[in-house]
Amino acid sequence: MLEPKPDRRVQRTRELLLDALVQLLMERGYEKLTVQNLLDRAGVGRATFYAHFQGKDELLASSIARLQSGLGAQWRSAAETKGEAAERLGFSLPFFLHLDSHRRIYHTTICRDGEWTIELHMQRMLRELVREDLQRFERARSNSAAIDLAVGYVVATLWAVVEWWLGGSKPVAPEEVNQIFQRLAFPGLDALIGSGR
């Protein structure tokens, strides 16, 4: 049985709201953002907004889910293009490229005091991506305590690099930042669950 195609009006409204979120994040950050700000920017009514999202947190979660899906797709596509298995933690370069292309948003929502919601959502997304990656390796599957520790270790390392990079005054290319992250992450990861590279 074929699934019904999504209504174009529904998709258009969701895109308007997601675009409004991105614009307002650059201007106001997340914590000061209100649903009314979103309605005004997107040009939709309150009832329309709540027909799609329960609140701004659900809208943010939808935006982060879209990012997660895109990072996963880029990671798998790069591997398929090379005709190889997906590179271990291969989402990290697309993630750093994304941060670089949206640097203004992340300066407003991560580097500013009083902003914490974006960080929580991003770290949750990263934990899911890391766990998905690590569970591909047989040794990691056999020891859930080791994989839990490895996920926490990798995400903490990645986030420390993100904060250092976004807070720095000297520009560093995303590719170089990714190499720094991998040099920090892989030795500890290999010690916890073995080398999968």
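**Notes from the chat**

Colleague: What am I looking at, and how many helices and strands are there?
Modeller: This is a predicted model. The protein has 10 helices and zero strands. Read from the N terminus, the elements go α-α-α-α-α-α-α-α-α-α.

Colleague: What share of the residues counts as buried?
Modeller: Of the protein's 197 residues, 45% count as buried.

Colleague: And of the contacts with a separation of 6 or more, what share is between residues 24 or more positions apart?
Modeller: That share is 69%.

Colleague: Let's do the core. How many residues are in the largest nonpolar core?
Modeller: The largest nonpolar core has 55 residues. Phe95, Phe96, Met122 and Met125 have the most contacts inside it.

Colleague: Which helices supply at least two residues of this core?
Modeller: They are H1, H2 (35-42), H4, H5 (92-101), H6, H7, H9 (144-167) and H10 (174-193). H9 gives the largest share of this core, with 12 residues.

Colleague: You mentioned Phe96. What is Phe96 in contact with, leaving aside neighbours within four places in sequence?
Modeller: Phe96 is in contact with Leu158, Val161, Val162, Trp165, Pro174, Val177, Asn178 and Phe181.

Colleague: Is Phe96 buried or exposed?
Modeller: Phe96 counts as buried because its relative accessible area is 0%, and the limit for buried is under 20%. Phe95 also has a relative accessible area of 0%, so Phe95 is buried.

Colleague: On to the rings. How many aromatic pairs does the structure hold?
Modeller: There are five aromatic pairs in the structure. One of them is Phe49 with Tyr50, an edge-to-face pair at 5.1 Å centre to centre with 90 degrees between the planes.

Colleague: Are those two buried or exposed?
Modeller: Phe49 is at 0% relative accessibility, so Phe49 counts as buried. Tyr50 has a relative accessible area of 38%, so Tyr50 is partly exposed.

Colleague: What about Phe95 and Phe96, how are their rings set?
Modeller: Phe95 and Phe96 form a tilted aromatic pair, 5.9 Å centre to centre with 55 degrees between the planes. Ring pairs also link Phe95 and Phe96 with Trp165 and Phe181 into a cluster. Trp165 and Phe181 are both among the contacts of Phe96.

Colleague: Changing topic. How much space lies in the largest pocket?
Modeller: The largest pocket holds about 250 Å³ of space. It is lined by 14 residues, and the closest to its centre are Val22, Ser63, Leu67, His98 and Tyr106.

Colleague: Which elements give two or more residues to that lining?
Modeller: Those are H1 (8-28), H4, H6 (103-109) and H7 (117-134). H4 gives the largest share of the lining, five residues.

Colleague: How do the lining residues divide into nonpolar, polar and charged?
Modeller: The lining has 10 nonpolar residues, three polar and one charged.

Colleague: Back to Ser63. Where does Ser63 sit, and what does Ser63 touch?
Modeller: Ser63 is in helix H4, residues 56-82. Not counting residues up to four places away in sequence, Ser63 touches Leu18 and Leu21.

Colleague: Why does Ser63 count as buried?
Modeller: Ser63 is at 18% relative accessibility, and buried means under 20%, so Ser63 counts as buried.

Colleague: And His98, which helix is that in?
Modeller: His98 is in helix H5. His98 is in contact with Leu67 and Tyr106, leaving aside neighbours within four places in sequence. Leu67 and Tyr106 are also listed with His98 among the residues closest to the centre of the largest pocket.

Colleague: Is His98 buried or exposed?
Modeller: His98 has a relative accessible area of 16%, so His98 is buried.

Colleague: Now the loops. Where is Leu89, and what is its phi?
Modeller: Leu89 lies in the loop between H4 and H5. Leu89 has a positive phi of about 55 degrees, although it is not a glycine. Leu89 is also buried, because its relative accessible area is 0%.

Technical notes
Residues are numbered from 1 along each chain as its sequence is written. This is a predicted model: local features need pLDDT of at least 70, side-chain atom pairs count only at pLDDT 80 or more; totals for chains, interfaces and linings use all residues. Side-chain values use heavy atoms; hydrogens and water are left out. Helices (H or I, at least four residues) and strands (E, at least two) are DSSP runs, numbered from the N terminus. Buried means under 20% relative accessible area, exposed over 50%, partly exposed in between (1.4 Å probe, protein chains only). Contact means heavy atoms within 4.5 Å. On a 1 Å grid over the protein atoms alone, a cavity is a set of points where a 1.4 Å probe fits but cannot get out, and a pocket is an open set with protein on both sides within 12 Å along at least five of seven lines; lining residues have an atom within 4 Å of a point. Grid points are joined across faces, edges and corners, and a volume is the space filled by probe spheres set on the points. Ala, Val, Leu, Ile, Met, Phe, Trp, Tyr, Cys and Pro count as nonpolar, Asp, Glu, Lys and Arg as charged, and the others, Gly among them, as polar. A nonpolar core is a set of buried Ala, Val, Leu, Ile, Met, Phe, Trp, Tyr and Cys residues joined through side-chain atoms within 4.5 Å. Rings of Phe, Tyr and Trp (its six-membered ring) pair if their centres lie within 6.5 Å; planes under 30 degrees apart count as stacked, over 60 as edge-to-face and the rest as tilted.
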